[in-house]
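Have the sequence and the 3D view open as you read.

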Amino acid sequence: MSSTAILFCPFCRECFEGLTHCPDHDLALVSFEALPKTKEETSPLGEHDVLPATDLRFGRGVAALGAITVLVGFLLPLGYLVGTEIIEITPYWIAAARRPSMWGVPIVALFVLVILVQRRTIARMRGARIVIVLLSIAILISEAIAVWGLYVAAAHQPFGTEPMHVQLASGTFVIAAGGILVALGGVLFGKRKVEATLPHGAGPDEEGPGIRTDDKHEPAKKKRDQSNASKR
Ligand SMILES: [Zn+2]
């Protein structure tokens, strides 16, 4: 496995698979995390710097994954009413046939995704933190009501006179997991990590040894780079 790992040259930052040294620079390849940071990566993110909508940091990825998980769970069976026959109940069916308020679950999940697209600065993300947590609670409460409704339905023998019992199914667990992920994403929304890498890039004295090595090798390697380029 380690022989096929993708590693990076700390000088040219190119990636190689199955090699331990950069063929152009003879430097030992390092993992992506160990790459010396570029200026943009080490410059601190301002409170009002707008991130791309696809940025998965600051709880965004967790919240997005949670919302998508909830949407998937909406189409999965919430549970089965088991009697002489087995009746599958999906949240979608509950919304379409029994209780339109169940549409709230996918609507809230979509709303979470909209917030993720709209709130793209640290300051604005932090401002929506409580909203996302509340939305996750709304998802979990709606789900709990729907599951409870299954047990009520089974007790009232809605599909005949024979007693039925409830067997919970994937949708129950998938929506619960999604709701919890949204809650977690909400708690982390706009939260900066303890910026352990910042002083590293900022203070020249604390720069990683990898960067020093680069500087030493730079002139020699540059020459080789040029000779390689002219060969091409
Ligand atoms: Zn290289």
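Which residues of α7 are buried? They are Gly171, Thr172, Val174, Ile175, Gly178, Gly179, Leu181, Val182, Ala183, Gly185, Gly186 and Leu188. Buried means that 20 or more other C-beta atoms, placed from the backbone, lie within 10 Å of the residue's own; 12 or fewer is exposed, and in between is partly exposed.

Before going further, a word on the source: this is a predicted model, where local features need pLDDT of at least 70 and side-chain atom pairs count only at pLDDT 80 or more, while totals for chains, interfaces and linings use all residues. Residues are numbered from 1 along each chain as its sequence is written.

Helices are DSSP runs of H or I with at least four residues, strands are runs of E with at least two, and both are numbered from the N terminus.

| Partner of α7's buried residues | Residues |
|---|---|
| α2 | 60–75 |
| β3 | 79–82 |
| α3 | 91–98 |
| α4 | 104–118 |
| α6 | 129–155 |
| β5 | 165–168 |

Just after α7, Gly190 has a positive phi of about 75 degrees.

Now for a loop: Ala34 sits between β2 (15–17) and α1 (39–42). Ala34 is exposed because 12 other C-beta atoms lie within 10 Å. Pro10 is 24 residues from Ala34 in sequence, yet their C-alpha atoms are 8.3 Å apart in space.

Methods
Two residues are in contact if their C-beta atoms, placed from the backbone, lie within 7 Å.
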